[in-house]
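Look at the sequence and the structure before reading on.

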Amino acid sequence: MMHTFIGDLGHFFSIAAFITALFSSFSYFKASTTEDLDRKKSWRINGRAFFFMHGGSVLGVVVSLFFIIYNHYFEYHYAWNHSSTRLPTHYMVSSFWEGQEGSFLLWMFWHAVLGTILIFTNRFWEPSIMTVFMLVQVFLSSMILGVAIPQLELKIGSSPFILLRDAIDAPIFRENPDFVPKDGTGLNPLLQNYWMVIHPPTLFLGFATTIIPFAYCIAGLWQKKYRDWVRPALPWALFSGAVLGLGILMGGYWAYETLNFGGYWNWDPVENAVYVPWLFLIASIHTMITFKKSSTALKASVILVITTFILILYSTFLTRSGILGNSSVHSFTDLGLSGQLLIYLLVFTILSIVLSWMRWKALPTTEKEASTYSREFWILIGAITLCLMGFQVLVPTSIPVYNSIVEAFGGISNLAPPADQIEYYSKFQLWFAVLVALLSGTGQFFWWKKMDRSQLQKDLTLPIVITLIISTVVILVFNVGDPTLMVLLVAGIYTVVANTKILIGVLKSSPRLSGGAVAHIGVGMMLIGVLFSSGYSKVVSLNNTGMLISRELDEEFNRENLLLFINEPKTMNNYQIKYTGEHLEPLEGPGLVKKDQVTRISEFMAVADNDLYFEGDQLFQANDTFAIHAENTYYAIELTSAKGKKYNLYPRIQDNPTMGAAASPAIKRDLNKDLYAHVVTRLSHEEVEWSELDEFKVTVNENFFVNDYVARFEGLQRIFEVNGVDLGEGDLAVKGFVKIQGEEKEYEAHPVFLVKNGLVGRIPDEVNDLGLRISLMNIHPEENQFEVGISTRQKDWIILKALEKPLINVLWLGTLLLMFGFGIAVVRRYTEFKKMREKGVE
């Protein structure tokens, strides 16, 4: 049955959202430009009415699309392409924004929420800022329109409500247009992670909030209120910086937990496309604060606020137009929206430049910016540093854009992005980070006091002395030998020490002013954490056996990886390490189950052979049937310390349909370091070679040897059900019971011998841990003997790589302090705004 009504309803809401956004923007524009107070009020009411209709339409689109996903209406391409019947509800939410259309819709939703807040919190600026706000919403709404004009060969937007038969040209639809698949292709398994439930909404809220300072800035230039826009825009800029920064940090932590490159930032073009606007946003926050304090840096604030929003649009174009091609694993494929995205970018870029040029000479300036010992000078230097930091990343990230422009005019461009992204970007960003650290430490003293040379020397002496003492101790204790990293260490410690001194003074007088100091301490700690966790990360899975893992692989691979055969212990970095077998992940609930204790009855279903426990908790009883994540296999690693304490790690390999065998690490967290381990490769059961079958006769309870293990045949039992076989009335099936004593425990094998329709069949049973496949070949009742067949293969093995990440918790603690500092600053600035509004100052 085709559920076309909900799709038609969703498409109607999409069109309504576009039209109402257009009418709302126009109405607010008229309210902003009309002098007559009655007409101004009337247009304002119209603008609000259309806005709320727009918000309701956006909500209607959201509900319609999620209803389709939640109810598994796979006749819709979006649901089929991003969801499946096996997804739990929280991952269905993730599948909502996995595609381009859903992520645009999420962005629109946040705009609708933020617009509602703006309308009820700042009525004075409402007409002008909502004109800009809703114009942006017009362009976003157009991205999900999915309207085609055949006469003009024009398509506007990509609808999430397109039917599968209209999206894919498959023979089945020609035969049966109403064909509906029973299941979808599902959410990318790598995104089935709790961080992917909260990271995208946070990141897109950060994207959405950048429009508010931009809208205030454009409204201020437009209405010639050159100074007034900064005060209401500043709390939102701080909030935007906090949320966008939090979204970036969440993405980094997801990468650290899920991917296997051993870090949290890979300088991927999509990562860079978010990082650069954030740097400009932070720079704009500092210049806006400076203007509020001393009426300087207004022009810098205008440039930076506008640039931040334009860079958000540019990053959207980069990641969604398909222009990045193969240079990023995160970018979306082109859905035919590249033209719209380019128009979106150019319209707001040109309008912003023209308006700024028209008002530039009228913007107030001051001579205070020239003083070397003024706080304004040092904040301006800091802002310039942040901008240069951003440009250094932006220029090489944009190489695919340069190539496309050259090729569009008939030329040939051979420019290529950096081959080693991490090394290329890090060598420049490191020195920018040093400058930022020194400026954020020193600049705080200029902010809080009127400075001259003698006062500066007096204030900086103690922090510098303490910094040098702490740095010397840290360098000696942690054996920091790289001169570049020494400089970064000293700069990071100096930032922490200097801002701690400022914080102590501020807490004594006015704690609500402490946000800047707390945030800067967080930055310093992040730099120290990055320095040690990346610069002094070391491989601990060293192959000290004297034997090569493979002659076909290079020396580094053979040196830095451990070959672990199942249940054969080795030594690694003061631990005894042992691989103990494969585990599967149940679809519902926490925990893992041992693969050799379940029987797979289908790709996604398994039956418990006995009661199943994980770390002391019972997960299933014997014969329970449960669903599993078929794509995930976990490899149990047991670590035993010198004191005999045991730890279990479960690194994962995911058979990902788009990325192949994707390895995810397991992390053992200690206070001063992380042990970060992932499986490089494993024995492939599909490609394994079995030995020829050895057959011999045994009696009940007779011991025999199989591949150097002692085994015992304990008897037979008739069974009436065989998985995959339909037993008839005259058919017979028996299950053998064979016990094998392994190195660690006793195993059971249950080969099946059956007679169906007069034909003999045999179903062997495998003991993966021991590399055995046991078959019940024949039964000799007259001799009371049973014929057993044994095939052997290489025992299960994995190749493991493990790294030690020292002081990485300093990085995570720094991120928390950074966010806490932002929070204090947001509350303070909004409180000030609220007090001024209550006094009638808008």
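Which residue just after α12 takes a positive phi? Ser295 does, at about 65 degrees.

This is a predicted model, in which local features need pLDDT of at least 70 and side-chain atom pairs count only at pLDDT 80 or more, while totals for chains, interfaces and linings use all residues. Residues are numbered from 1 along each chain as its sequence is written, and side-chain values use heavy atoms, with hydrogens and water left out. The protein chain has a mean pLDDT (the predictor's confidence in each residue, from 0 to 100) of 88, and 96% of its residues reach 70 or more.

Helices (H or I, at least four residues) and strands (E, at least two) are DSSP runs, numbered from the N terminus. Helix α12 covers residues 269–294. At its start, a side-chain oxygen of Asp268 comes to within 2.9 Å of the backbone nitrogen of Val270.

Strand β13 (residues 632–640) has nine of its nine residues buried. Tyr634 and Ala636 are among those on one side, and Tyr635 and Ile637 among those on the other. Strands pair if DSSP finds at least two bridges between them.

| Partner of β13 | Residues | Bridges |
|---|---|---|
| β6 | 575–584 | seven bridges |
| β14 | 646–649 | four bridges |
| β15 | 652–656 | three bridges |

Glu638 is the bridge partner of Lys578 and also pairs with Asn648 in β14. In the hairpin of β13 and β14, with five residues between the strands, Gly644 takes a positive phi near 90 degrees.

Notes. Expected span 1.5 Å × (residues − 1). Polar contact = N/O pair within 3.5 Å; in protein donor to acceptor, adjacent residues only side chain to side chain. Buried < 20%, exposed > 50% of the residue type's maximum accessible area, 1.4 Å probe, protein only.
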